[in-house]
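Visitor: I'd like a close look at the helix packing in this one, please. Walk me through who meets whom, and take your time over it.

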Amino acid sequence: MPELPEVEIVKRSLKNKVNHKKIKKIIIKNRNLRFKLDHKFSNIVQNSIVENIYRFSKYLIIKLDNSYYWLIHLGMSGTLHVVDKNKQKFLTNLSFYQSPNLPEKHNHIHISFDKFKIIYNDPRRFGYFLLLKSKYKLDEFISNYGPEPFNKKFNQTYLKKKLSNKSKNIKNYLLDQKFVSGIGNIYASEILFLAKINPERKSAKLNLRDYKKIIFFSKKVLKKAIKKGGSSIQNFKNSNGKIGSFQKYFQVYDREGMHCLSKKCDGIIKKKVISNRSSFYCNICQKI
């Protein structure tokens, strides 16, 4: 699943392509996404102009000139493809897991602009589109989530209030979008490694120094991932065709059995399934 950095790259790519452009036509091949697409979707979106594109957490937010906000969540396998109308060849792939070719199947929604169209593809259909009819509704939606790591609200006071006396482990908290928005499994493993905190450590056992490290490294890891264009598990590319490279800088994720990269550490990277998610950590740097 794309995490905050990958969605940020998709946002920047889309913004360069569709900002201030009119949506000429919507073709819906399949409404049955994770949540069934609103039957009014085409009427609301078609003929509107894209005023701006934002990102919150793992959501793309498209502001339309008719006061609606169009939210896109890519789910596990959702991808966006930009295709030139005058060419049959694929131009660019804003995907995380898929190949750089437009798939033949599962192209559920076509959004046509003047000279190009964007195709939403999703084999597993865990992604979804949501329309919110005002800024108030958007703020109400966002209020159901925790702050992003870059938000000033994600501070020591907040962590102490949320984590003190809690038995749930810190890895699960980092993946809880109601606690902090945008961090997924890859980046949670990287953050905890740099903070030298075992993913299974109970939150109640963390201290103020641990809070500071979690805050600091959450920002550092995500900023670096964005700078490097995200993590290309297979073929994630932005609209310029550039492949994300943060996977080259993984310290622990997907490095099971390899030596720890910390200086003067003889540890080995271990893999453990925590709440059905693979966690990677150093058996020495991150002792309980």
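Guide: Of the contacts (heavy atoms within 4.5 Å) in the protein chain with a separation of 6 or more, 64% link residues 24 or more positions apart. Keep in mind that this is a predicted model, where local features need pLDDT of at least 70 and side-chain atom pairs count only at pLDDT 80 or more, while totals for chains, interfaces and linings use all residues. Residues are numbered from 1 along each chain as its sequence is written, and side-chain values use heavy atoms, with hydrogens and water left out.

The protein chain has seven helices and eleven strands; these are DSSP runs numbered from the N terminus, H or I of at least four residues for helices and E of at least two for strands. Its 288 residues are 53% buried, buried being under 20% relative accessible area with a 1.4 Å probe and protein chains only, exposed over 50%, and partly exposed in between.

Two packed helices are described by the angle between their axes and the distance between the axes. Here axes are lines fitted to C-alpha atoms, for helices over the stretch in contact, with angles from 0 to 180 degrees between N-to-C directions.

The crossing is right-handed, which is the label when the near helix is turned clockwise from the far one by less than a right angle; anticlockwise is left-handed. On the H6 side you'll find Tyr187, Glu190, Ile191, Leu194 and Ala195, and facing them on H7 are Lys213, Ile214, Phe217, Ser218, Val221, Leu222 and Ala225. Sorted by class, this contact has nine nonpolar residues, one polar and two charged. (Nonpolar covers Ala, Val, Leu, Ile, Met, Phe, Trp, Tyr, Cys and Pro; charged covers Asp, Glu, Lys and Arg; the others, Gly among them, are polar.)

The H1–H7 crossing is right-handed. Leu4, Pro5, Glu8, Ile9 and Arg12 of H1 meet Leu222, Ala225 and Ile226 of H7. That contact divides into six nonpolar residues, no polar ones and two charged. Note that Leu222 and Ala225 turn up on the H7 side here and also where H6 packs.

Then there's H4, which packs on H7 at about 115°, with the axes 9 Å apart. The H4–H7 crossing is right-handed. Gln156, Leu159, Lys160 and Leu163 of H4 touch Leu208, Tyr211, Lys212, Ile214 and Ile215 of H7, a contact of six nonpolar, one polar and two charged residues.

What sits behind this packing is the largest nonpolar core, with 39 residues. A nonpolar core here means buried Ala, Val, Leu, Ile, Met, Phe, Trp, Tyr and Cys residues joined through side-chain atoms within 4.5 Å. Leu159, Ile170, Leu174 and Phe179 have the most contacts inside this core. Two or more residues each come from H1 (4-18), H4 (156-163), H5 (170-175), H6, H7 and strand E11 (277-282), with H7 giving the largest share, eight residues. Follow Ile170: neighbours within four places in sequence aside, its contacts include Leu163, Leu192, Ile197, Pro199, Leu206 and Ile214. A second, separate core has 29 residues, Val10, Trp70, Ile111 and Tyr120 among them.

Ser189 lies in H6 and is buried at 3% relative accessible area. Leaving out residues up to four places away in sequence, Ser189 touches Lys171, Val252, Tyr253, Ser278, Ser279 and Phe280. Over in H5 sits Asn172, also buried, at 16%. With the neighbours up to four places away not counted, Asn172 touches Ile274 and Ser275. Asn172 and Ile274 are 102 residues apart along the chain, yet their C-alpha atoms are separated by 8.0 Å.
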